[in-house]
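Please read the following points alongside the sequence and the coordinates.

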Amino acid sequence: MEPKQQSRTLERYRSRLGLALAFVNISNKIWAFIDDDFEVMMLFDMQQQLTLRLTDTNTQQEFILTLVYAKCDHIERIELWDTLYALASDMTTPWIVGGDFNVIWDEEEKFGGLPVPINEVDDFRDCINSCNLNDLGFKGSIFTCWNGRAEEDCSFKRLDRVLGNIGLQQLLPSVEVTHLSKIGSDHCPLLIKCDPNLITAKKQFRFLNFWTDHNTFQEVVKENWVDDLAANSQVTSFTIFNNKLKKLKKVLSRWSKDIYGDIFQKVASLEEVVLVHEAQFELSPTSMNRERLNKVKAKLTRYLALEEQFWRQKTGMAWFKDGDRNTKFFHAHVNRRRKILQLKRIQDSAGNWIEGNDQMAEEAISFFKSQFHEGVLEKNQELLKQPTKEEVKQAVFGLNADNAGGPDGFTGFIKGRSIVENILLTNEIITDIRLRTKAVPNVVLKLDMTKAYDRLSWLFMTKVLRKMGFEERIIGIVFRIVSNNWYSILMNEQPYGFFKSTRGVKQGDPLSPTLFILSAEALSRALNSLHQNLYFCDFGLSKWSPKINHLSYADDRIIFSSFDAMSLKLIMEVLRAYETTSGQLINKAKSAVYLHHLTNVDIIDKVQSITSINRRKMEYYHDLMKKVLDKIQSWQGKILSIGGRAVLINHVLQGMPIHLLSAVNPPASVINKLYKMIAQFFWSNSIGGKARHWASWDSLCLPKEEGGVGFRSLHDMPRALFCKLWWNFRTKPTLWSSFMCQKYCKKLNAIVVPWRKGSHVWRKMLDCREAIEHQIIWQPRMGSSLFWFDNWTEMGGLYFTTPPKFYYDESIHNVHDVMLEGTWNETRLMQILPHDIASHIIANIKPTALSDELDKPFWMMESKGYFTVKSTWDYVRRMRDQNAVFTNIWVKGLPFKIVFFMWKVWKGRIPLDDFFKSTYSVLLLHGKCWNFHNGMSLQQAIAKCWTVQVVPRLKPIFQALPSIILWELWKRRNCQKHGEMVNTDGASRGNPGRSSIGFVLRDSKGDVRYARGKEIKEGTNMEAETIAILEAIQTCVQQGYANIHIQTDSLFLKNVIDGTWDPPWAIEAYVQEIKQFMARCNCRVSHIMREGNKLADFLANHALDHEDHEAHNFQQLEIQEKRIVNSNKLQCPYLRIRVARNG
């Protein structure tokens, strides 16, 4: 890169290096030297990149090499990103991209210097992810560029990298990149090893879900679920269970090999067998050959289904249940995750980088041994009570069927409690941080614990349990559970070491959150005790507020204090004591101090000095936007169908902001930015993709029966979530609800208190009050409901149902105030209420019995009375009238692309030519209305098909029939629109060498009208491809065709003819002649994959291997040529899916 030599010296350096070929790009910034083991064809020669196609002369394996030297200016780099987009759009060959990109991936790849604008990084990341490229990792220093300066002017960056697509990673799974030392340049040379000597990892046992579908599976398990140790009374049940599992794993591994074998190898071999049987059937279409062909196809379909199940399970995507077939997406997801998890190097505690599996494993074992060990252990009683069979069954059957118990199998949240309430309470307290800004400012400390679960001391935990009154037997049981932990380190899929821990609780164990919370209670009580210390100055709140100096969030803490130096020192003493006794360690790098923005700088410095924690700037929505963007970019949308993208949006993207929306009300601009990112992903596969949005996102965010696609509106979700907050505030006596009530409802009831001032949360809750308060009904038990304000009569609050001028008795507070010995005090009711309301209560509402149970609230929109966000969302969202048409459109079981096409047809959103000239919803084909023979419109014909009277079992078929017919008509219409199809190809033996061309002319039905293959003068592949296009268009014009569609498998020529790129001098004359012929007719050129260009390729190679050949119809074609034509007319898609044959 940047040789700083004149291009005329290229050959001199090639000769010195002893290599056969040398290439230079037009800017003379990129030189490439290649030995004679490869045949090379230059595809793109541009200012910032040079792209070559290399073919191994021994194995005939080809791959694409793109060498990059990017401009320093980010505007000029956009041209480079555009060319990479164009390359990736049709890239199916293994592709390696490397060089100097002149931009970093994130802030971790930079040290010193000026900050990098976020838009430059986003452009780069979006390009790489949209092109489905992955970083191949590296060994050596993280930085590849140094500015040559020292001290504060010094800066290091990682500007050079090597990327590869999925095909390359499958071709070269162990490719290795090394950053060499900077000698003679300010950049590191990059050394790429394609076949390093890596030790093959021993594969671990993996249970495959599709095993259970085999009819012999249960029998095999039953026969081998025995153990020789079962007769030994001294052996524990858990030891027996462990031995059974070990034995069963070996048996199932052998059984799987016998029954299924290698499913990837089976798929590959069955594909070849299907081709053989298809050829036999074409030669002799007998019933016997057809039966053989069908049997082989059925077997192939079965193994393809097993392959899809395998990849689906390996990705761990339990939510991916709908959408089109996305086997390639699953495969890509697994490969991407495997690449990310592969370690090239790690950093030890001293800051030194370590490479090599053995050395990395040794350091990892040392690290985790120290993390899971402490100096003191306490002996405890052995486990006395074994679990019952029912308890074991309940626990096992409660596990996730797709994976073992782990962090994703259990949760640390406690039923009935919400972490959102603590977040809301923190927000309310922080709004009062402004009460003190000068004298003794308020301070908020956010603490993060380092590896909180792993560092918990067993001795400390048992002492806490004992102090809380747990029996010694229970403490012994707990200790046995947490102390029997052995670990191995999995380094690049290879296990290392085997050691026992002496502290910590297991991540994912359902008991661990409870033990951790109980142990952390010691810190809570220590902090609460500071209120009794006369030297401690609290966080400045209103006088009526309860004393709160901290809140807990699992392993995190929020501490509220004043700036007072003694108060901060007391807090730090408590924290240090807790660290010493519990084994916990505060991660001060991730912790933060927050103060009011008007606080004096000297005060901020003093707080940071006492706490050793730095102040941080609060960024509210940046993390959310970044998470959504990273998630979309990581999915590599180009290998997802539109149905797959719809499922991802419904199940993942729209769920990511829910937690934030539960506690805050983001500005409309934030929601609109999220909409923009999601909409671009849905319509154009990626962020920043250019594609027409055929419908507004708001129209898609409606239920299917109301004319939408079923996406949820993020404008409606916050309203439903704030309705939930109002429900919790009214019905659940929590610390947050008590705080809110004392802060905003000191003199008036919450039902009638007006908005004056307060937090945005309180304002949104009051907005929801008007919408849902009347949907909350209180069922009297002991009569604790508020007589005037709660809806206990099913008529609404009496405060609102009584006439405006009616006087209400303020001495009556609760319902039990109008009860008299278990009956209604009718006289009192008649005095304080209008006659009709009092009569309704006496006649229809049963008096409360003597009970200690509080009155119970019910949600009237759910039959069971439980509050649900779904029912609230249905109630408060924007609604449209339901239409039976859309119910019939969304047929269960049809691929999403077909159903969505039908939706666009009905909405008038399909991309017809006349659509851009008119806003009418009439569908036109070649200027004529798309009507049926009896005069019915398209909509009428579809509706008749839906309403025809048929037997029930045929109803789904007739419901799906219009969508399928229209889909096929649409595909045929596209073929007719594009006119005569002409496929062209060229071949060159030696490049340059003997050359030939081939082209075939077809009509809209795919029938051959003319085909020709002939040898031409010697030249290069590029020249042969160009001459093929020229002769094909000459033939079409001579035969009088006016609407011509030429397809070539040369993306380079397509872009040259379109004028996107300049033609090389060798073919410039041919290109000019082609453009002259194109001006005489309606002609266009498009790119096609090699699989769709087989006949033209066969004609060109046949001319070189045998003789020139010409055919004017199908009958004049040779047998092999007829097979290709018949295969193309079947319109079976070609799937370029490379799978790892070893699983």
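1. Strands S4 and S5 form a hairpin with 5 residues between them, and glutamine 60 in the turn has a positive phi of about 60°. Strands and helices here are DSSP runs numbered from the N terminus, with at least two residues (E) for a strand and at least four (H or I) for a helix. The model is predicted: local features need pLDDT of at least 70 and side-chain atom pairs count only at pLDDT 80 or more, whereas totals for chains, interfaces and linings use all residues. Residues are numbered from 1 along each chain as its sequence is written, and side-chain values use heavy atoms, with hydrogens and water left out.

2. Two strands count as paired if DSSP finds at least two bridges between them. Glutamine 49 has valine 68 of S5 as its bridge partner.

3. How many residues of S5 (residues 62-69) are buried? The count is 8 of its 8 residues, where buried means under 20% relative accessible area, exposed over 50%, and partly exposed in between (1.4 Å probe, protein chains only). In a regular strand, side chains alternate between the two faces of the sheet. In S5, Glu62, Ile64, Thr66 and Val68 point one way, while Phe63, Leu65, Leu67 and Tyr69 point the other way, and all are buried.

4. S5 also pairs with strand S6 (residues 95-100), in the parallel sense, over 6 bridges. Here valine 68 has glycine 99 of S6 as its bridge partner. Together with helix H2 (residues 74-89), S5 and S6 make a right-handed β-α-β unit; right-handed means that, with the strands pointing away from the viewer, the path from the first strand over the helix to the second runs clockwise.

5. An open sheet of 4 strands has the order S19-S20-S16-S21, with antiparallel pairing. Its edge strands are S19 (550-553) and S21 (592-594), each of which pairs on one side only. S16 (residues 442-448) and S21 run antiparallel and are joined by 3 bridges; the partner of leucine 445 in S21 is valine 593.

6. Tryptophan 970 lies in helix H33 (residues 955-977). Is this residue buried or exposed? Tryptophan 970 is buried because its relative accessible area is 10%.
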